[in-house]
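Reader: I'd like to learn how to read strands and surface charge in a model like this. Could we go through it together?

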Amino acid sequence: MRNRAILLSLLLVAFGVLGGMRSAVSTPSYIPFATFPAQLGEWMMQRSFSMTDGELRILQLSDYMLRRYASRDGAVVDLYVGYHGGGEETGPVHSPKNCLPGSGWLEQRIDTVSLALEDGQNITAMRAVYGKDGNVVVFYYWFDVLGVSYVDEFSLKFAEIMGVLLHNRRDALLVRVSVPTSGDVQVDNETVQSFVREFYPVLRQFIPV
């Protein structure tokens, strides 16, 4: 209980620091997601989705994309990227850990995975299995601050504070890739990793580090 109280206090202080600094940070130029490629290697976009006005008012995003991609061998992934530029007009990143249960999804299992990129770098992501209305979906997500991935909310807030102090920037991304569960963890991981290897290097061209 005492540790939780300390963490809560630190988080509240972090929010206070960020709120006080928000008006002073610089907001980097980025390429709008509307021009993000429909084809990523062997992956082709199948659909693009739009959020409601109510959802946009809650999330206060600078930009977002909500798409479905399919590979030549029939694998399908759903992609969500929410970009918060860090200025006064943007809100904080909303964690799937809170948003998914709020939408009726029930958590079944959660752990972390490492997604390897072609250049040898790795992205640490949360792998969360949720069920809703008889469907079971695996969500892979991470927070991205200045090109570094984080999987928990405390690390995200700390990274945002350090970004303000060291780089005068508070922008952050939430990246989420989801697949219907195949029942085989290795197959799900390989599908998502195959997509992320094509997708993430392109994303970095749109959002500066």
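Reader: How many helices and strands does the protein chain have?

Author: Helices (H or I, at least four residues) and strands (E, at least two) are DSSP runs, numbered from the N terminus. The protein chain has five helices and nine strands. This is a predicted model, where local features need pLDDT of at least 70, side-chain atom pairs count only at pLDDT 80 or more, and totals for chains, interfaces and linings use all residues. Residues are numbered from 1 along each chain as its sequence is written, and side-chain values use heavy atoms, without hydrogens and water.

Reader: Thanks! In which sense do β1 and β2 pair?

Author: Two strands pair if DSSP finds at least two bridges between them. Here β1 (residues 39-40) and β2 (residues 43-48) are antiparallel, with two bridges. Glutamine 39 faces methionine 44 of β2. Two residues lie between the strands of this hairpin, and glycine 41 has a positive phi near 60°.

Reader: How many bridges join β2 to β3?

Author: Five bridges link β2 with β3 (residues 63-71), again in an antiparallel run. Serine 48 is opposite arginine 67 of β3.

Reader: And aspartate 73: is it buried or exposed?

Author: Buried means under 20% relative accessible area, exposed over 50%, and partly exposed in between (1.4 Å probe, protein chains only). Aspartate 73 is exposed, because its relative accessible area is 63%. This aspartate 73 sits in the loop between β3 and β4 (76-84). Over the whole protein chain, 43% of the 209 residues count as buried.
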